[in-house]
Amino acid sequence: MDLKKEEGVSLEEDAKKKQLDSFDKKLQDFESRLNPSKKHNHSQSFGGDNDLWKFVLRSGVELFSAFLVGIMIGYGLDYWLSTRPLFIVIFSFLGMGAGVLNVWRIVKPGDIKSK
């Protein structure tokens with residue numbers, strides 16, 4: 001009889017512990033959604049060299065993707081209007097400018113937000 005009570009108590013304690021763990025996880029997720037900068041600082045504390053690689057990779061992707069989108073838009077307009085190199089040249093420069101602007105926003109976020 002006592003063994004069944006002890007098993008019942010331990011099962012109840014396990015269930016309560018699982019509920020508390022689940023609640024803690026939900027609370028941490030909610031806090032990270034409310035304050036994303038806190039989450040960013042948390043990732044920086046574990047980062048080290050990984051953060052540098054992430055930054056370099058993100059900068060390269062931002063620069064290349066903006067350039068590629070500019071070329072695609074220029075090619076589409078040239079194909080549609082039969083003006084072969086004109087819009088490719090114009091939109092490739094615009095794409096490069098947009099890519100540089102995106103990289104600048106990554107490097108100097110405080111300066112862009114303060115204006």
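Trainee: Where do Phe87 and Phe91 lie, and how many residues apart are they?
Mentor: Both belong to helix H4 (residues 86–107), where a spacing of 4 residues puts about one turn of the helix between Phe87 and Phe91. Helices here are DSSP runs of H or I with at least four residues, strands are runs of E with at least two, and the numbering starts at the N terminus.

Trainee: What should I know about the model before we continue?
Mentor: The model is predicted, so local features need pLDDT of at least 70 and side-chain atom pairs count only at pLDDT 80 or more, while totals for chains, interfaces and linings use all residues. Residues are numbered from 1 along each chain as its sequence is written, and side-chain values use heavy atoms, with hydrogens and water left out.

Trainee: How many aromatic pairs are there?
Mentor: Rings of Phe, Tyr and Trp (its six-membered ring) pair if their centres lie within 6.5 Å; planes under 30 degrees apart are stacked, over 60 edge-to-face, and the rest tilted. By this rule there are 2 aromatic pairs. In one of them, the ring centres of Tyr75 and Tyr79 are 6.4 Å apart and the planes meet at 20 degrees, so this pair is stacked.

Trainee: Where are those two tyrosines, Tyr75 and Tyr79, in helix H3? Are they buried or exposed?
Mentor: Tyr75 and Tyr79 are 4 residues apart in helix H3 (residues 49–81), so about one helical turn separates them. Buried means under 20% relative accessible area, exposed over 50%, and partly exposed in between, with a 1.4 Å probe and protein chains only. Tyr75 is partly exposed because its relative accessibility is 44%, and Tyr79 counts as exposed because its value is 62%. The pair of Phe87 and Phe91 is tilted, with 6.4 Å from centre to centre and 45 degrees between the planes. Phe91 is partly exposed, at 21% relative accessible area.

Trainee: Changing topic, which salt bridge does the structure hold?
Mentor: A salt bridge is a side-chain nitrogen of Lys or Arg within 4 Å of a carboxyl oxygen of Asp or Glu. The structure holds 1 salt bridge, in which the side chains of Glu62 and Arg58 meet at 3.9 Å, N to O. Glu62 and Arg58 lie 4 residues apart in helix H3, about one turn of the helix. Glu62 has a relative accessible area of 24%, so it is partly exposed.

Trainee: What is the overall pattern along the sequence?
Mentor: The protein has 5 helices and 0 strands, giving the pattern α-α-α-α-α. Of its 115 residues, 10% are buried.

Trainee: Which residues does the UniProt annotation "transmembrane region" cover?
Mentor: According to the unreviewed UniProt entry, that annotation covers residues 63–81 and 87–107. The positions follow the numbering used here, feature names are shortened, and annotations may be inferred rather than shown by experiment. In the model, residues 63–81 are 100% helix and 0% strand, with the end C-alpha atoms 27 Å apart. Residues 87–107 are likewise 100% helix and 0% strand, and their end C-alpha atoms are 30 Å apart.

Trainee: What is the place of Ser82?
Mentor: Ser82 sits in the loop between H3 and H4. Its phi is near 55 degrees, a positive value in a residue other than glycine. Most residues other than glycine have a negative phi. Ser82 is exposed, at 66% relative accessible area.

Trainee: And how far apart in space are Gly60 and Val103?
Mentor: Their C-alpha atoms are 8.3 Å apart, although 43 residues separate Gly60 and Val103 in sequence. Gly60 belongs to helix H3. Gly76 is also found in helix H3, and the C-alpha atoms of Gly76 and Phe87, 11 residues apart along the chain, are separated by 8.6 Å.

Trainee: Finally, where is confidence lowest, and where is it highest?
Mentor: The score is pLDDT, the predictor's confidence in each residue, from 0 to 100. The protein's mean is 81, and 79% of its residues reach 70 or more. Confidence is lowest in helix H2 (residues 36–47), at a mean of 53, and highest in H4, at 92. Over residues 41–46 the pLDDT is below 50, and beyond near neighbours in sequence this stretch has 2 contacts in the model, a contact being heavy atoms within 4.5 Å.
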